[in-house]
Amino acid sequence: MKKVWVSLLGGAMLLGAVAPGASAAEHSVPDPTQLTPTFHAEQWKAPSTVTGDNIVWSYLNRQKKTLLNTDNTSVRDQFRIIDRTSDKSGASHYRLKQYVNGIPVYGAEQTIHVNNAGKVTSYLGAVISEDQQQDATEDTTPKISATEAVYTAYAEAAARIQSFPSINDSLSEASEEQGSEIQSSEIQSSVSKDTYAETYNNVLLTPTDQAEQSSIAKISNLEPSVEPKAELYIYPDGETTRLVYVTEVNILEPAPLRTRYFIDAKTGKIVFQYDILNYATGTGRGVDGVTKSFTTTASGNGYQLKDTTRSKGIVTYTAGNRQTTPGTILTDADNVWNDPAAVDAHAYAIKTYDYYKNKFGRDSIDGRGMQIRSTVHYGKKYNNAFWNGSQMTYGDGDGSSFTFFSGDPDVVGHELTHGVTEFTSNLEYYGESGALNEAFSDIIGNDIDGSSWLLGDGIYTPNIPGDALRSLSDPTRFGQPDHYSNFYPDPNNDDEGGVHTNSGIINKAYYLLAQGGTSHGVTVTGIGREAAVFIYYNAFTNYLTSTSNFSNARAAVIQAAKDFYGADSLAVTSAIQSFDAVGIK
């Protein structure tokens, strides 16, 4: 059978045949993963009088000549600690950003790790050069406002989305009719304020106010599902820098869309963009026919599909085959639920929450108890599921390519893990960092399920036994490479630099670490799923930064194994072997 290309996206499961085409903007700057982090294994012990955050500042001060190529700067002016976490070994993990004149540098992030003896064990990070810093300080005053940046992005999206197929169409039928891709129309990549006002009822807005930014979005007839904002960054551009606003369009109608825009703060032109969504105790029987038990809440004479026992709650809604979220909270008179899609969305969200809490001590998606919201029955025969930055949304499938998207725990776990990534390493959804983002969701989703090494086998092509979206044990079975020598360059850029295809290389490395085996002439001794997934979770949430590549992932996984199991452990040896086996150095 000829497969329709389907992929679990950074926040979405996507039928590529109906995805929008390549970004309309001219990519006039390097892609946002350009700042490749460097890795340093350290064994530096601060003086006994230095404790807490001061260990990090002392280390950076000691290393500033190496990192910044200058002694004439204050590390506290250049860096800011943005997050601190600790693990059960007692190690502390710090995440930092570089700033110039109080403005953050896009992609210039760092992670530093301090063991329970107060010793710095490793550093991974990227900074801009001294020349770039000097260039960045010359003029940090934008010529357009944050409001204008938001409006430019929504104007581009409003024009582009006109070419999208309706969410209520049968996507499988659309894929057969349109072939491998539906191209978006060519449109202007930036719209002046005057042009925008003329196009949209001559409405002019004053800058900076976030409420006005939301109004701008509404003028374009695109209702934001997440309140729009634009943040000012210094963006590396070859040997120099430019001032940009970074903003997102995040909508649900007329189709799910989540696009990140980089807009020159001097000219107002879109200089880069890419899609994150390529187009975004009751009982009951689930999609698989199995009766499940889960926590609900009594309300009036009935029950709500709402669990209030887990942090800020787990709540499940229905869109009623419309295109709104969160929709209406699901209710039932006798607490015996007869909606399989809702049963699974709720039960598997609970399962995912419990997995993170019990295995890693993580309290929900953001680590701080965030409410987990899910909406089922989105659209009609909608072959998609996505995390849009604030909640999960599931289509019902068309019954042929897919059944109900909430019906597989590894799919639910995969999508919610995109949220975990967004709150930790925030891996850029492009190129190698995007493939790492995808792989981490595959790895965690597969471990939550734990029944096989397949992904999506519970919902994909329900009438074909044994079919699946991807295989961690044999990525080549479903068209992914299992070695870096076969890295897919994505020449048409219709997969944001090959994020779905190349994730198979990392999936294979993880599988070999967990299960062992021989691949491409390299034999790996497996250490078991439990140890392998713990190492990967720590590496991806605590060690990596947003622009990390495959080589950084190798260093992070090996260092995480060293920090927890010891430098001479089997875990470290096997981690090294597993990356050798997939050709990542």
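Biologist: Where is P326 found?

Modeller: Ground rules before that: this is a predicted model, in which local features need pLDDT of at least 70, side-chain atom pairs count only at pLDDT 80 or more, and totals for chains, interfaces and linings use all residues. Residues are numbered from 1 along each chain as its sequence is written, and side-chain values use heavy atoms, with hydrogens and water left out. Helices (H or I, at least four residues) and strands (E, at least two) are DSSP runs, numbered from the N terminus. In those terms, P326 sits in the loop between β17 (314-318) and β18 (328-329).

Biologist: The peptide bond from T325 to P326: cis or trans?

Modeller: Most peptide bonds are trans. This one has omega near 0 degrees, making the T325 to P326 bond cis.

Biologist: Over how many bridges do β9 and β10 pair?

Modeller: Two strands count as paired if DSSP finds at least two bridges between them. The pairing of β9 and β10 is antiparallel, and the bridges number 8.

Biologist: How many residues of β10 are buried?

Modeller: Buried means under 20% relative accessible area, exposed over 50%, and partly exposed in between (1.4 Å probe, protein chains only). In a regular strand the side chains alternate between the two faces of the sheet. One side of β10 has L257, T259, Y261 and I263, the other has R258, R260, F262 and D264, and all of these are buried. The count for β10 is therefore 8 of its 8 residues.

Biologist: Which element gives the most to the lining of the largest pocket?

Modeller: A pocket, on a 1 Å grid over the protein atoms alone, is an open set of points where a 1.4 Å probe fits, with protein on both sides within 12 Å along at least five of seven lines; lining residues have an atom within 4 Å of a point. The largest has a volume of about 990 Å³, and of its 32 lining residues the closest to its centre are K229, E231, R260, E422 and N426. Elements that each supply at least two lining residues include β8 (230-237), β10 (257-264) and α9 (409-423). The most, 5 residues, comes from β9.

Biologist: T421 is in helix α9. Which residues does it touch, leaving out those up to four places away in sequence?

Modeller: T421 is buried, since its relative accessibility is 1%. Its C-alpha is 9.5 Å from that of S546, 125 residues away in sequence. Contact means heavy atoms within 4.5 Å, and with that cut-off T421 touches N426, L427, N437 and F440.

Biologist: G434 is in helix α10. How far is its C-alpha from that of T547?

Modeller: G434 counts as buried, with a relative accessible area of 0%. Leaving out residues up to four places away in sequence, G434 touches E428, Y429 and V499. T547 is 113 residues away along the chain, and the C-alpha separation is 8.7 Å.

Biologist: Last one: what is the phi of D490?

Modeller: Most residues other than glycine have a negative phi. D490 is in the loop between β25 (470-471) and α11 (503-515), and counts as buried at 3% relative accessibility. Its phi is positive, near 55 degrees.

Terms used
Grid points are joined across faces, edges and corners, and a volume is the space filled by probe spheres set on the points.
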